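Here are a few exercises to work through with the model open beside you. Try each task before you read its solution.

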Amino acid sequence: MMLNKKVNYRMPRNLLVLFELMALLLLFIYDKENIDKFTLISVISLIFIIYISNFVLLRISTGDNYIFLIVTMLISIGVVMIYRIDSTLGMKQVIWIGMGILVFFITYLLIKRIKGWENWAKLYAIISIGLFIATLILGTKRKGSINWIQIGRFSFQPTEIIKILTIFIISAYYSNYEKYKEKKYGPYYLMGIIYIFIAFLFLQRDLGTVLIFYSVFLALQFIYEENRKLILFNILLFVISGIAGFFLFDHVRVRFEIWIDPWKYIDNKGYQITQSLFAIATGGFFGTGIGLGHPDFIPEVHTDFIFSAICEEMGIFTGIGIIMLFLILVYRGFKIAINQKDKFFRIVALGISILFGIQSFIIFGGVLKMIPLTGITIPFVSYGGSSMISSFIALGILQVASEELDVEEKRYGEGT
Amino acid sequence: MYNIFSLIFKYIFIIIIYMFILSIIRLIYLDIKGIDTYSKDNGVYLKLVNRKDSLPFKVKEYYPLVGQITLGRGNDNQIILKDPYISKKHLKIVEDEGKFYLEDLNSSNGTYVNGERIMDVVELKNGDRIRVGQVEFLYVNREQG
């Protein structure tokens, strides 16, 4: 049994390296003249870093060994496609991935070493509100929503960090539920904070993120809230704010109209989504082959529409493969949550799994025109620094949650 | 030239991705099987007593006992424990007519059953504590009661 297991762990790791090396070989044939030393060295060192990280993680972590493997596969598929679309962006993405893996290990160590994460709900709330205010003051407007802060040459999306802080707030609240319940208005603290966040997001006109926040909050509340009426109330409010968003904001209404019938607006508003559908249809089962399709016809193809580009050039089979990888990732997340004895980390693991699941569902659905399109990135696959870093932070936390943590079982064992 | 390569590679990429997914699903399947059947079944198994994360090497919570099983540091054992205090071939557990017998294979640090170092072949009884190196196992045989 043990021997069997040892041989098997190597298998997916080697397949991953094989995939990456073949992609590199293809790149060599594709554009021999333009590859400089810097590109070559950084790509090879990235392959090496990914391999070593998978190897080291098996040694240092007693927890889950699959989530990092799955994520590195997703990253490899994504970066190959981004490099093919735009080689400068591809190089940037390679560097972001390297930083992301570093951040993953730092997060892993920090979260594991420092105790008492469940007691700092107020701190998380203050930092989040601070970031929201900073976004409103310093933020720049892109694609109809104010969600970027530009500092020097770098720009980042504070909401990516706030997502994780929100999960921490919810977890801290429900793991100290008994304490909060005794206070006056205690049961409404969490709701108050979440609705403040949602109000800020409405001010930023970032409605895709509102959807993510609301879904994570509702899902966790549905699992842990004892006052079931509160959940009904929140779902009602969710519907109302959806309708309000439709009537208040122009770009929501436009998105909705495009979703109903993109062909009517094919020459302007509906251009992006129709091109995406054409791309997926052109690809067929096995795709046109990397470098042989025209994913550059789709605007914003490297972030929101990376999935269509992958489907066009690598086939719908790869597309289904990506969805399956996300399925396994979310499944592992739920399993981690079930096995975790520490209540705080159990809720965090659930929250992060729901976050990955919802985020990928919204964008896959959007690109395939099953639900109205909202501009968010696919975690780990799309181009984007802040999204990559924050996804890796979330993954690092999930990795810690997958281990058996030293806690006094008396305090957290009850109410499980 | 490039087109031909690209056309071939797209099939290979899809095959690799699906083999990757399948191998992970297989690993997860083994993982789940390892947890569910051996903890709930009325089978015979060794259960780890130590906290899993207190040991600096890989060890599982449950080891099922079927037929003949050897334990040691070497890779040719059925139960491999990379503990420096465990010999390459440390001990052997043999099934004979429903009973299980433990035999130490001349290990340098010895095998302890319920605190006593064993010299000869010992018949295992439900609830026996077996200590090898830094690891302690509980022998569970529900059929014996």
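**Exercise 1. List the helices and strands of chain B in sequence order.**

Solution. Start by counting: chain B contains 1 helix and 11 strands. Here helices (H or I, at least four residues) and strands (E, at least two) are DSSP runs, numbered from the N terminus. Then walk along the sequence, and you get α-β-β-β-β-β-β-β-β-β-β-β.

Before you go on, a note on the ground rules: residues are numbered from 1 along each chain as its sequence is written, while chains are lettered from A and ligands numbered from 1 in the order in which they are written. The model is predicted, so local features need pLDDT of at least 70 and side-chain atom pairs count only at pLDDT 80 or more, while totals for chains, interfaces and linings use all residues.

**Exercise 2. Work out which part of chain B touches chain A.**

Solution. First, the totals: 29 residues of chain B are in contact with 36 residues of chain A (C-beta atoms, placed from the backbone, within 7 Å). Now look for the elements: α1 (2-40) and β4 (79-80) of chain B each give at least two residues to that side. The largest share, 23 residues, belongs to α1(B). Finally, sort the residues of this side of chain B by type: 20 are nonpolar (Ala, Val, Leu, Ile, Met, Phe, Trp, Tyr, Cys and Pro), 5 polar (the others, Gly among them) and 4 charged (Asp, Glu, Lys and Arg).

**Exercise 3. Trace the open sheet of 6 strands in chain B.**

Solution. Go across the sheet and the order reads β2-β1-β11-β10-β7-β8, with antiparallel pairing; two strands pair if DSSP finds at least two bridges between them. At the edges sit β2 (62-64) and β8 (116-117) of chain B, each pairing on one side only. Now zoom in on one pair: β1 (residues 44-48) and β11 (residues 135-141) of chain B run antiparallel over 5 bridges. Tyr45(B), for instance, has Val140(B) in β11(B) as its bridge partner.

**Exercise 4. Check the confidence of chain A.**

Solution. Chain A has a mean of 86, with 94% of its residues at 70 or more. Then look at residues 1-7 of chain A, where pLDDT is below 50. Residues 407-416 of chain A also stay under 50.

Note on methods. Two residues are in contact if their C-beta atoms, placed from the backbone, lie within 7 Å. pLDDT is the predictor's confidence in each residue, from 0 to 100.
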